[in-house]
Amino acid sequence: MSVILRADDVSVGIGSRTIVERVRVKLRRGELAILIGPNGAGKTTLIRALAGLLPSDGQISLEDKPLGSFDARERARHIAYLPQGNVFHWPMPVETVVALGRYPHGDPFGTPSEEDRVAVRDALAATATEAFAARPVTTLSGGERARVALARALATQAPVLLADEPTVSLDARHQLVVLDVLQKTARKGAAVLAVLHDLSLAARYADHALLMQNGRIVTQGEVKDVLTEERIAQVFGVEAHMTTIGGVQVPVAQRPL
Amino acid sequence: MKDKPLPHRLTLALTVLIAALMIVSLMVGPAALSPRAALAALFSGDGAAGIVVRDIRVPRTLLAALIGATLGLSGAALQGLLRNPLAEPALFGAPQAAAAAASFVIAFGFAPATSLAAPIAGIAGALISVGGLVIVAGRRASLTVILLAGLALASFAGAATALILNIAPNPFIALEVAFWLLGSLEDRSIDHLLIAAPFLIASWIVLAFTARSFRALTLGEDAAASLGVDLQKTRLLVVTGVALGVGAAVAVAGSIGFIGLVAPHLVRRSVQSDPARVMLPAALAGAALLLAADIAVRVVPSANELKVGVVTALIGVPVFLTMIFGERRLEESAA
C-alpha cells in the first residue's frame, strides 16, 4: 500500500518545551492507523503538526512533496482534520455545516457544484445524519454532533483523514458507528489516522498501531506486537488482561499498577 | 445547499425600509415638512426649506445611514471572528478609545473638529482597542475572556477620556467633548460627511473580504485553519476594518453603541445563523436602526435634543442583557 503522508524525525516544540520528539510516521492509503498513548503524550500536537497546523522540525511530506510547499487550500483538499470536541459555535443547519467540508474545493459564496452536492450527500449518508440535515447543529445530542463533525471531515473527500479522539464522550454504540465509518473510509482508499483512548477498540480496529509516550513513538506496527501486556504496563501503568473478541486478541485494562 | 430566497427578500425589505426612513429623516425636525415638500426642497434647493433639507438634514441622514451600516457590519464581523453573538465594538471600548484619541487632539487644540485629524486619531484609538481585544481573546475566545477583556479596555479608554477632560486647557471645549461623547448627528455638515465617508466605505470593503472565513470559523480556529482559512489575515482584516469604521464614525458622530450588537441579532435567524450571510442584512439593519434612532431624537419632545447615542444605549442594553440571559441558560443546559 502506498504511503501518502510521511513524517521523518519530526519534532514539535511549544515555547521551550519539546512536545513531540523525533517521530516517524507513515500513513498508507487503505489503512486505518490508530494512535494510542496516555494523556499528555503529545498525540494532539503530533496530529496537528501532521495536518500542517503547527510548525515542526524534521520533514513531513505529502505525496512525496514537502507539506510546506502546499498552499493552505491545496493542503486542505488533501488532508481532512477532525479536531477534538466537535465544536459548533453557531446554530447553523447540519447540512450547511457538513458543506463546510467543501470549503477548500470552491468559492464559498459560489453555487455548489454537482460534485459538492454528491460529496455532502454521501457524507450525510455515511454517518446516518440525513434525518436531521435541516436541524440547527447545536440542538443535537452528543452522539449526533460527533457524527456531524465526522461528516464534515468526510465531505472534503481528502485522501488523508486525521481524527483526534473521534469517539470521546460517545456511548458504546456510537463509538462503534464512528469507527466503522473510519474503517470504511480507509477501505475506500484513504489513509486514516485516529487517536483513541480505548485499548480494546484500538486493538480491534487498527490496521497499524502507534503507541506514544512522552512525545515519542515507543513502538508501532501490527496490533499484536504493539498492544502487549508488557507495553501497556510500561506506557500506561496499567495491568491489562488479554481476551479474544471476534478472533482478535484484545487488551482490557484491569487495574492501575 | 439549496437556494434560500429568504435572505434576498430580507435584503429587499430592509432596503425599502431604509429609503422610507431617509425620506422621513428629511421631513422631521424643528421645521416639519410634508414628504412632498421635503422631496421638492431636496431636488430644487429653493427657499428656507431647501437650506434646511440640503444643508442640515441631508448630511445628517446620510451619516446616520452610513454610520449605522458600518456599526452593524462591524458588529457582525467581530461576532464572526470571535464566534460569539455578544461581540460588539462598544463592549470592547472601541468607541471609547476612538473618542479618547479624537478628543485628545481636539481638546488640546491640535486640530479643529472638522479636519482629518479627528478621524485619523479615532481610527488609531479604535485600532489599539480592537487589536488589544483580539490579542487578549486569542485562540480561546470564551465568552468570559471576551467580556472581561472588553470591560478592561472600555474602562481604560473611559479613564483616558476622563483624564483628557480633566486636564483640558479650555473648560468649554471639555464640555463640548463631553456632549460629543454621548453620540449625536445633530448639526453635522457636508464636511463631516466628506471626512468620514471614505473611511467608512473603506471599512466595508475590508470587512467584505473577511466574510468567507466566518462560516468555517464556526468549527473553531483549528478546524477552520485545516480547511484553508488564513486566520492571521482574517484577524488583521477584521481589526483593521472595524477600527477604520468605528474610528471614523466616532470622530464625526461621537460614541454610538449597541447598533453592532442589535442589528446582527435582529436578522440572524433569517439567515439561519450563518455568520457570513448575516453581514449584508446586518449592515442594512444597522443603517435602518440608526436612522430610526436619529428620527426618534427629533420627534420626542424635549428641551435639548436627545443624544442619539443615549437612545441606542437605552435600546441596546436591555437587548444585550436578554442575550446574556439566554447565553447563560445555554451554557447551563450544555453543562
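Analyst: Here is a walk through the sheet, then the contact between the chains, then the partner chain. Keep in mind that the model is predicted.

Start with the sheet in chain A. It is open and has six strands. Their order is E6-E7-E8-E3-E9-E10, and the pairing is mixed. Strands E6 (79-82) and E10 (216-221) of chain A are the edges, each pairing on one side only. From one strand to the next, the twist averages 15°.

Strand E3 of chain A covers residues 32-36, and strand E8 of chain A covers residues 191-195. These two strands run parallel. Four bridges join them. To find the pairing by eye, go to Ala33(A): its bridge partner in E8(A) is Leu193(A).

One is helix H1 of chain A, residues 43-50. Helix H1 touches E3, strand E7 (160-163), E8 and strand E9 (208-213) of chain A. Its direction makes about 155° with that of E8(A). Another is helix H6 of chain A, residues 172-187. Helix H6 touches E3, E7 and E8 of chain A. For helix H6, too, the angle with the direction of E8(A) is about 155°.

Next, the contact between the chains. Chain A gives 27 residues to the contact, and chain B gives 19 residues.

Finally, the partner. Which elements make up chain B, helices or strands? Chain B has 14 helices and zero strands.

What about its overall form? The C-alpha trace of chain B spans about 65 × 50 × 35 Å along its principal axes. A compact globule with 335 residues would have a radius of gyration near 20 Å, and chain B agrees, because its own value is 20 Å. Buried residues make up 53% of the 335 residues in chain B. Of the contacts in chain B with a separation of 6 or more, 79% join residues 24 or more positions apart.

Terms used:
Residues numbered from 1 in each chain as written. Chains lettered and ligands numbered in written order. Predicted model: local features only at pLDDT ≥ 70, side-chain atom pairs only at ≥ 80, totals over all residues. Contact = placed C-beta atoms within 7 Å. Rg over C-alpha atoms; globule rule 2.2 N^0.38 Å. Buried ≥ 20, exposed ≤ 12 C-beta atoms within 10 Å, placed from the backbone. Pairing = 2+ DSSP bridges. Axes fitted to C-alpha atoms, helices over the stretch in contact; angles between N-to-C directions.
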